[in-house]
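Subject: Structure handover

Hello,

Please find the structure below. My notes on it follow.

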Amino acid sequence: MGKARSAPDIWIIVPTLLLLTIGVIMVYSASSVLAFREFGDSLYYLKRQFIFAVLGVIAMFFTMNVDYLVWKRFARVALFVCFAMLIIVLIPGIGVVRGGARSWLGIGAFGIQPSEFMKIGMILFLSNLLSEHQAKITLFRKGLLPPLGIMGLAFGLIMLQPDLGTGAVLVGASLLIIYTSGARLLHLSYLGMIGVAGFIGLVIAAPYRLKRITAFLDPWQDPLGAGYQSIQSLYAIGPGGLVGLGLGMSRQKYSYLPEPQTDFIFSIIAEELGFIGGTLVLLLFTILVWRGMRAAITAPDTFASLIAVGIIGMIAVQVIINIGVVIGMFPVTGITLPFISAGGSSLTLMLTSVGILLNISRYSR
């Protein structure tokens with residue numbers, strides 16, 4: 001007898017669509033000045049965001065109606081393709097450099113970011129692997145090392161671009177899946193210490209990362225260099241007060257705050273919509289994470305549960321890092337805010353992932 005299927009969780013759909021709507025509006029508000037200066041068209045980023053939002057919603061409703069067990073068959077192939085793209089993007093002349101990282105494949109303004117595909121590819125692969133071999137996960141060599149090795153290889157390729165922010169999201173979501181599948185906390189603690197040592201090594205090996213760390217601790221040490229983005233972000237948030245300066249009334253978007261439509265769009269939200277607007281965005285993310293975790297808990301099998309944990313973990317880790325950077329709690333990493341920041345492949349794939357989560361919610365026990 002087949003699984004009983006019900007309606008998808010409306011408490012996942014509504015926050016997602018509201019966040020997407022806020023994103024389209026705020027991308028236009030944050031980018032209009034920049035778009036007019038660079039392209040002579042204040043609607044440039046709005047048009048792109050709207051197109052990718054529509055494509056993403058179509059993809060979300062498509063995957064919402066595809067049985068999640070389909071992804072079990074394609075998990076290994078998807079991971080192989082993702083690894084191939086991560087290697088291809090590193091080839092000079094093929095990979096496109098943007099923002100100092102060789103992380104794009106494409107022509108001109110349109111392209112795809114292989115690391116974004118790897119995030120969902122890794123979630124599907126680990127969920128499949130660990131659901132099939134869950135009994136071994138408490139064993140360090142036979143159970144824990146294989147998934148960690150695959151995750152580490154993907155992280156290493158992403159760091160060659162380099163893209164520490166996306167790598168951190170990949171590792172965070174992967175570790176949540178591994179822990180949820182039953183890995184021993186003692187093993188993960190030891191590996192965590194090794195990971196911290198490796199992170200320190202990565203920081204020391206690249207002077208620009210060390211500058212970001214020192215700028216994070218005291219951005220006013222280098223206000224026109226490494227600390228510039230953090231300071232300008234705080235200058236945007238501060239005047240917003242309770243209700244903000246008003247939609248479209250940001251001052252920092254006039255070439256003061258870098259990347260106002262992507263990495264630092266939450267700064268513009270806080271400036272224009274104030275504490276109330278920022279809190280509303282965080283509340284919508286909280287509802288989404290809560291219902292996603294509920295879908296994971298009530299999922300019909302381990303495979304579905306681990307996918308749900310991975311998807312909602314990916315969203316939560318990305319939100320935490322982005323907001324942390326914007327308010328000065330974390331060093332600048334170059335991570336976008338899900339559903340809100342301007343994006344192409346990142347926005348479409350995030351909505352596609354939510355569609356898979358919605359399909360899992362349809363089979364809740």
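The crossing of helices H4 and H11 is right-handed (a crossing is left-handed if the near helix is turned anticlockwise from the far one by less than a right angle, and right-handed if clockwise). The axes of H4 (residues 114-132) and H11 (residues 302-326) come within 8 Å and cross at roughly 145°. Axes here are lines fitted to C-alpha atoms, for helices over the stretch in contact, with angles running from 0 to 180 degrees between N-to-C directions. Helices (H or I, at least four residues) and strands (E, at least two) are DSSP runs, numbered from the N terminus.

On the H4 side, the contact (heavy atoms within 4.5 Å) involves residues including Ile 120, Ile 123, Leu 124 and Asn 128. Among those on the H11 side are Phe 303, Ile 307, Gly 310 and Met 314. By class, this contact has nine nonpolar, six polar and one charged residues. Ala, Val, Leu, Ile, Met, Phe, Trp, Tyr, Cys and Pro count as nonpolar, Asp, Glu, Lys and Arg as charged, and the others, Gly among them, as polar.

On provenance: this is a predicted model, in which local features need pLDDT of at least 70 and side-chain atom pairs count only at pLDDT 80 or more, while totals for chains, interfaces and linings use all residues. Residues are numbered from 1 along each chain as its sequence is written, and side-chain values use heavy atoms, with hydrogens and water left out.

Asn 128 of H4 is buried, with a relative accessible area of 1%. Buried means under 20% relative accessible area, exposed over 50%, and partly exposed in between (1.4 Å probe, protein chains only). Beyond its neighbours within four places in sequence, Asn 128 touches Lys 72, Ala 75, Arg 76 and Phe 303.

Overall, the protein has 12 helices and three strands. Its radius of gyration is 20 Å, close to the 21 Å that the globule rule gives for 365 residues, so the protein is as compact as a globular protein of that length. That radius is taken over C-alpha atoms, and the rule is 2.2 Å times the number of residues to the power 0.38. Of the 365 residues, 52% count as buried.

The largest nonpolar core has 95 residues, and Met 118, Phe 285, Ile 315 and Phe 339 have the most contacts inside it. H11 gives the most to this core, with 16 residues. Such a core is a set of buried Ala, Val, Leu, Ile, Met, Phe, Trp, Tyr and Cys residues joined through side-chain atoms within 4.5 Å.

Leaving aside neighbours within four places in sequence, the contacts of Phe 285 include Ile 315, Leu 337 and Phe 339. Leu 337 sits in the loop between H11 and helix H12 (345-361) and is buried at 2% relative accessible area. Its C-alpha atom is 7.6 Å from that of Ile 265, 72 residues away in sequence. Phe 339, in the loop between H11 and H12, is also buried, at 2% relative accessibility.

Some backbone geometry to check: most residues other than glycine have a negative phi, and most peptide bonds are trans. Phe 339 has a positive phi of about 70°. Ser 255, in the loop between H9 and H10, has phi near 65° and is partly exposed at 47%. A cis peptide bond joins Gln 161 and Pro 162, with omega about -10°.

Regards
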